[in-house]
Amino acid sequence: VLPALLVALLPFICGGWLDGPQSTFDTKGPVAESQLQVFYVTLWVTGILFVIVAAVLAYATLKFKARSSDDEHAEPPPQGHGNPFVEIGLIVGSILALVVIAVPTLKAIWFTYEVPEEERADAYQITATGYQWWFKFTYEDEMTPQPFGGEAPLVTANELVIPAGRAVHIELRTVDVIHSFWVPKLAGKVDMMPNRGNHLWLKADEPGYFWGQCAEYCGESHAVMRFRVIALAEDDFNNWLTNQKLPAREVAVPEGATAPTTFASYGEFEVNQPGWTEEFDADPFGRWQAQQIPAADEDPALIAAGRQYFMENRCAGCHTVRGHDGMGVIGPDLTRIGSRTTVAAGLLENSPENLYRWITEPNHVKPGNFMYNTRKVTPGGMVVMPGYVMNDPETGDPITDIEITPEEAHALVAYLHSLK
Ligand code: CUA
C-alpha cells in the first residue's frame, strides 16, 4: 500500500518539478489547463476509490489473517451467496465514477479539438511540419517575396513565434516518419502523421517562452528534436513579422519600433533561464573541444566571405536565405537564423560557439545526422544535414568529402549570425 501511495502522490511530493520547463502542471494556456483538469478529476476519483479499496483490503487482511481455531475440523465460517445491496451498490458506484470522469473528459476533448466558435474568426493560422529531426513553421497568411519572384508564406524553423492572448490553429504535417507536436505548458501532444492531416490549437495567456518537444519516437535523434515557442505581445509580434518577412539583404527595424531583432531582446521575460541548458553543455561524446570564436559578426569582410562560402559550397542547395540566392527547401530556412534563440532544433543556445560546433560536428550534436563519407538518406528520401567535420577528433585525419578550414567555418558562422 505504501509504495502505491507514494507513486500516486509523486507529482505532489516532487513539488519542485511542477513548474519545470516541460511541466504539464504549470499550464500557461486554456488548452493545457482543460487537459490538466481532466487529470485532476481522474486523480481524485481514482484516488478516493483506491483509498476505499485499500482500506477494505487492509481490514480484511488483518481481521482474517488467522483461523479462529487450530482445529482443522472446526465449523467453516458462515457461507453466503452474496449481498444484492452490495453488488448493486458496486455497479452503480462504478458507473457513477465513470460518468464523473467521462463528462469533463468529453468536454475537454471537444474543447481542445477546435478553436472555440467565438475565437475562430480571429484564430491565427500556422502549419507545423515535422522532419528528421526538426520542425518547419509556415505562416500561412504572411506572404513574403521569394527568390525566384512571386510570393509565398513566411517560413521559419524550430522556433514558433505566436501572438500571445490569441488562439493559434496549427495544421500538423510530416515529410517523413511519424512525429508528435508537444508544448507541455500550452497543449497536449498531437501526432504528425504521413499522408494524414492532423491539427491542434493552443493559446498562450501571456507573453512567454515555452519548450516544445517531439513526443513520438522517430529515429536516432528523436530525443533532441526540440523547439521553442515564443509568445509575444501584439506589437512585438507584428514587429517580429515585419522583420522576418524582409529578405536578408534588407534587414531593418521599422521606424520608432523596438523590434526583437536579436535573441537578447525578445521582451521582458528572461529567455535563457539558469539551469535550462546545463545538460547540453556537457559533451556526451567527449570529443568536442571548445573553439575560440572571434567576435566577427560585425566584420563585413568576414560576413561576405561566409556568404560566398554558403553560396558556392553545398549550403545553399538545401537551405534558403531569402534575398541571398539560397533556395534549398530540404533543410531549415535560415533567412533570420541570427535572430533565433537556439540552433540545431532547439538543442543549443544560439551563440557563435554553438553555431560553429553545429556546423563542424553535426553528428556529435545530433546523432544520426551524418554518416562518415556518405550522405545519409532517411526512409522518407530526404537528405539530412551532412557532416562538415574537418578532422577525426581522435586520429586527426580528414573524414568527410567536404572539408572546411577553421577560417571558412568562422566566416560561415559570422555570416549566419549576421542574419538577424
Ligand atoms: Cu520527431 Cu520524435
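Salt bridges, burial and confidence in a predicted model

Q: In this predicted model, what makes the pair Lys-28 and Asp-26 a salt bridge?
A: The side chains of Lys-28 and Asp-26 come to 3.5 Å, N to O. The cut-off is 4 Å between a side-chain nitrogen of Lys or Arg and a carboxyl oxygen of Asp or Glu, so the pair qualifies.

Q: Why does Lys-28 fall in its accessibility class?
A: The relative accessible area of Lys-28 is 33%.

Q: Which residues are linked with Lys-28 in a network of salt bridges?
A: Asp-26 and Lys-185 are linked with Lys-28 in that network. The structure holds six salt bridges.

Q: How do you know that Lys-203 forms a salt bridge with Glu-119?
A: Their closest N and O atoms are 3.1 Å apart. The limit is 4 Å, so the contact between Lys-203 and Glu-119 is a salt bridge.

Q: What makes this a link between distant parts of the chain?
A: Lys-203 sits in the loop between strand 8 (198-202) and strand 9 (208-214), while Glu-119 belongs to helix 5 (residues 117-120). The two are 84 residues apart.

Q: Why is Lys-203 called buried?
A: Its relative accessibility is 14%. The threshold is under 20%, so Lys-203 counts as buried.

Q: What makes Asp-122 and Arg-166 a salt bridge, and which parts does the pair tie together?
A: The closest N and O atoms of Asp-122 and Arg-166 are 3.6 Å apart, and the cut-off is 4 Å, so the pair is a salt bridge. Asp-122 lies in the loop between helix 5 and strand 1 (124-131), and Arg-166 in the loop between strand 4 (159-163) and strand 5 (168-174), so parts 44 residues apart in sequence are tied together.

Q: Why are Asp-122 and Arg-166 called partly exposed?
A: Asp-122 has a relative accessible area of 46%, and Arg-166 has 27%.

Q: Which residues touch the most other members of the largest nonpolar core?
A: Among the 42 residues of this core, they are Phe-137, Tyr-139, Leu-160, Ile-162, Ile-170, Phe-181 and Leu-202. Strand 10 (residues 226-232) supplies the largest share, five residues.

Q: What is the mean pLDDT of the chain?
A: The mean is 76, and 75% of the residues reach 70 or more. Over residues 250-297 the pLDDT is below 50.

Note on methods: Residues are numbered from 1 along each chain as its sequence is written. This is a predicted model: local features need pLDDT of at least 70, side-chain atom pairs count only at pLDDT 80 or more; totals for chains, interfaces and linings use all residues. Side-chain values use heavy atoms; hydrogens and water are left out. A nonpolar core is a set of buried Ala, Val, Leu, Ile, Met, Phe, Trp, Tyr and Cys residues joined through side-chain atoms within 4.5 Å. Buried means under 20% relative accessible area, exposed over 50%, partly exposed in between (1.4 Å probe, protein chains only). Helices (H or I, at least four residues) and strands (E, at least two) are DSSP runs, numbered from the N terminus. pLDDT is the predictor's confidence in each residue, from 0 to 100. Contact means heavy atoms within 4.5 Å.
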